Amino acid sequence: MSAMSEVRMCPDAVLCLDTPYQDPGREGTTLFFFKNRQFVCWDVVSETMLPGYPRDISSAWPGVMEAFPGSRLRGALHVPAWGERVYFFFEGQEEAVAWDLGRRAVEPGRVPVQRLLPGALTSGGDFTPVHAQLADRRPVLYAFRGFDYTRWTVPEGGPPAAEDPGFPRRIELDWKDGLVLAPRAGVYVDWPSRSNAHSNRKIYFFMGNLYLRWDVPSNTRNYRLDILAGWKGWPAFA
């Protein structure tokens, strides 16, 4: 495929929420895929793309895309230990937009990225944030940029004061046979009913036309597939 088609396939950001936020009457975890100025929803329980999408981001998340006109969305982060809040990151911006899940509205003011994720790799806004868990279920935050990544252990009640010891590190050292360069987007999913014999705790990384599935407990790559093959019903975002 051409470079142009690769750009169209990969999402700009992915968000995982444990409870339904759109489409009343549903139950369970939802994945939100954001691309350009639109988004789609994936039902984790039924493993299907929900009907009625893509929708405009502004129709469900008013004020988010308007915060930085002309800047592309770079990441969406929900950290349960920090409360009912989603942080949206934008390319080239040193501040994030905070969305109040309860009020369904943008919070007043913007949040400095360095207050949320302090470190050299997060300066300038062009990084990929991922909230995940380690094999022992310790919650962590990752930021991928270029050939490097960093990590923070998630404290209760608020952002970390500093990166974990030994970080930043080269991506290729710890994500062997999986990542070398920073992905465009990533999300952690704990599948509720896939298998009793194998781990259901995965991180999905998206890049170009492809996505990579990473198994958390074994810290190994499962596979790399075309986005269209693995996520049935993937739309043509406008």
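**View 1. Strand β12 and its two antiparallel partners.** Strand β13 (residues 148-153) runs antiparallel to β12 and is joined to it by 6 bridges. The model is predicted: local features need pLDDT of at least 70 and side-chain atom pairs count only at pLDDT 80 or more, while totals for chains, interfaces and linings use all residues. Residues are numbered from 1 along each chain as its sequence is written, and side-chain values use heavy atoms, with hydrogens and water left out. Strands are DSSP runs of E with at least two residues, numbered from the N terminus, and two strands pair if DSSP finds at least two bridges between them. Opposite Leu-141 in this pair stands Trp-152 of β13. The hairpin of β12 and β13 has 2 residues between the strands, and Gly-146 there takes a positive phi near 60°. Strand β11 (residues 128-133) also pairs with β12, in the antiparallel sense over 6 bridges, with Pro-129 opposite Ala-143. In the hairpin of β11 and β12, with 5 residues between the strands, Arg-137 has a positive phi near 75°. Of the 7 residues of β12 (139-145), 5 are buried (under 20% relative accessible area, 1.4 Å probe, protein chains only).

**View 2. The open sheet β15-β16-β17-β18.** These 4 strands, in this order, pair antiparallel. β15 (185-190) and β18 (220-226) each have a single partner strand, so one side of each lacks a neighbour in the sheet. Strand β17 (residues 210-215) is joined to β18 by 6 bridges, and Leu-210 has Asp-226 as its bridge partner.

**View 3. Gln-93 in a loop.** Gln-93 lies between β7 (85-90) and β8 (95-100). Leaving aside residues up to four places away in sequence, Gln-93 touches Phe-68, Ser-71, Val-113, Gly-124 and Gly-125 (contact means heavy atoms within 4.5 Å).

Methods: Buried < 20%, exposed > 50% of the residue type's maximum accessible area, 1.4 Å probe, protein only.
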